[in-house]
Amino acid sequence: MSAPAGSTSSSTSAIGTSAVTTPAGGTVDVLVVGGGIVGMTAAWRAARAGLTVTVLDPAPGDGATHAAAGMLAAVTEADFGEERLARLNVDSALRWPGFAADLERESGLPVGLVRTGTLTVAYDADDAAEVRRLVDLQRGWGLDAQPCTVAEARRRSPLLGPVAGAVWVPDDHQVDPRATHRALHRAVTAHGGTVVRRAATRLVRGFDGGPVVGAVDDAGHVWHAGVVVLAAGDRSPALLRDLPEVHAPVRPVKGLTLRLDAEPWFDLDHVVRGRVQGRPVYVVPRAPRPDGTREVVVGATSDEKPDDRRAEAGGVFALLRDARAVLPALDELALVEVTPRVRPTSPDNLPYLGESGVAGLVLATGHHRNGVLLAPVTAAAVDAVLTGSPPPDAVAAVDPARFAPELWKVP
């Protein structure tokens, strides 16, 4: 399917056929619009399959990926009314070890996958009651969530403050999103892919509503491709405006993470998630550096706000207040970074993964809080599309066309 730059290429996949001549740069097999962890995952899978690949993004990895804490929280993120999402998350979590091993081998870079487990704690009695409700739901879905006593929780985490209940989740681990993105970038380029620091402004279609055959960037350049993968996060709806057949609503949900620097005495070795007077908070300790210090990531805010890159003082205060209620020792750590970003979120919190219904266009967007966790199953979905194979069962249950108007008509 690949063709040398400047030549005419005919690219065929399960989603359609196109043949376009681009004098300036040739036709690539796959154009990925969006260079976060999802887009770079799609680019890596295409490149390692031997296809020619270009990624368009003005600041690769600077969106939701840059703020993400990297929790692989398939169990602790499972919530009421979201069983399909929980199944998708579990599927992807099981793929992470193989995904990480392949990526590290091909890139030569670590991704920071650490099997830490997660301790969830409740601050007061009302929080403990809510945690018990969630645990009952999760166990009812066959997930491994193990209630434990406060004394047992304190043996695992001596730095804990006063808490009213706890749950140990042995299979919820963590990875470093920034390290993973660096590895993906290197793996894509090692396979001959290119990353262009331009923003796509619109998609290009063939004549008379034909297949998607490329995109135009913010400098007016046209990039032609046999397949376009849309992984542009909350910018995806604007790029779909000229494709009335594709209904993939995505909205921005702003989140805030804090990065702290811990001395060797702060020896927390697993993720701690807390519920503090009804508010969620998490603390993610990275593996120690050679000198024993470590990065600690704090987060959990979700606000229906645009991507203004503003960190309000009240938001920073609230995160630190709730995090130190669970782990008072955080007071002694140095605050080194405050990172506000938006997450691309669909109406049902499920991503759009797979064929869009328009030839030439694949969707990989709307991952909400789970872009890092869902990278491996996104890779499997892209593999399936590019090879014409059936997608994984968990992906097949997430139909990208589920919000199409015709599916909502009353008989």
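**Close-up views of salt bridges, pockets and a surface patch**

**View 1. Asp307 and Arg309 form a salt bridge, with 3.0 Å between their closest N and O atoms.** A salt bridge here is a side-chain nitrogen of Lys or Arg within 4 Å of a carboxyl oxygen of Asp or Glu. The model is predicted: local features need pLDDT of at least 70, side-chain atom pairs count only at pLDDT 80 or more, and totals for chains, interfaces and linings use all residues. Residues are numbered from 1 along each chain as its sequence is written, and side-chain values use heavy atoms, with hydrogens and water left out. Asp307 is partly exposed, at 32% relative accessible area, and Arg309 is partly exposed at 37%. The terms are set as follows: buried is under 20% relative accessible area, exposed is over 50%, and partly exposed is in between (1.4 Å probe, protein chains only). Asp307 and Arg309 also belong to a network of salt bridges with Asp62 and Arg341.

**View 2. Asp308 pairs with Lys254 in a salt bridge, the closest N and O atoms being 2.7 Å apart.** Asp308 sits in the loop between strand S17 (294-299) and helix H8 (313-326), and Lys254 in strand S14, so the pair ties together parts that are 54 residues apart in sequence. Helices (H or I, at least four residues) and strands (E, at least two) are DSSP runs, numbered from the N terminus. Lys254 is buried, with a relative accessible area of 5%, whereas Asp308 is partly exposed at 33%.

**View 3. Arg294 and Asp269 meet through their side chains in a salt bridge of 2.9 Å, N to O.** This pair links distant parts of the chain, with Arg294 in strand S17 and Asp269 in the loop between S14 and S15, 25 residues apart. Arg294 counts as buried at 5% relative accessibility, and Asp269 as partly exposed at 48%. The whole structure holds 28 salt bridges.

View 4. Of its 46 lining residues, Gly63, Ala64, Thr65, Val342 and Pro344 are the closest to the centre. A pocket is found on a 1 Å grid over the protein atoms alone: it is an open set of points where a 1.4 Å probe fits, with protein on both sides within 12 Å along at least five of seven lines, and lining residues have an atom within 4 Å of a point. Grid points are joined across faces, edges and corners, and the volume is the space filled by probe spheres set on the points. Strand S18 gives the largest share of the lining, 4 residues.

**View 5. The second largest pocket has a volume of about 660 Å³.** It is lined by 28 residues, of which Thr76, Glu77, Asp79, Arg273 and Pro280 are the closest to its centre. Helix H4 supplies the largest share of this lining, 5 residues.

**View 6. Leu320, Leu335 and Val338 make a nonpolar surface patch of about 210 Å².** Patches consist of residues with over 30% relative accessible area and no salt bridge; like charges are joined within 9 Å, and nonpolar side chains (Val, Leu, Ile, Met, Phe, Trp, Tyr) within 5 Å. Accessible areas come from the Shrake-Rupley method with a 1.4 Å probe; for residues, only the protein chains shown count as cover. Val338 lies in strand S18 and is partly exposed, with a relative accessible area of 33%.
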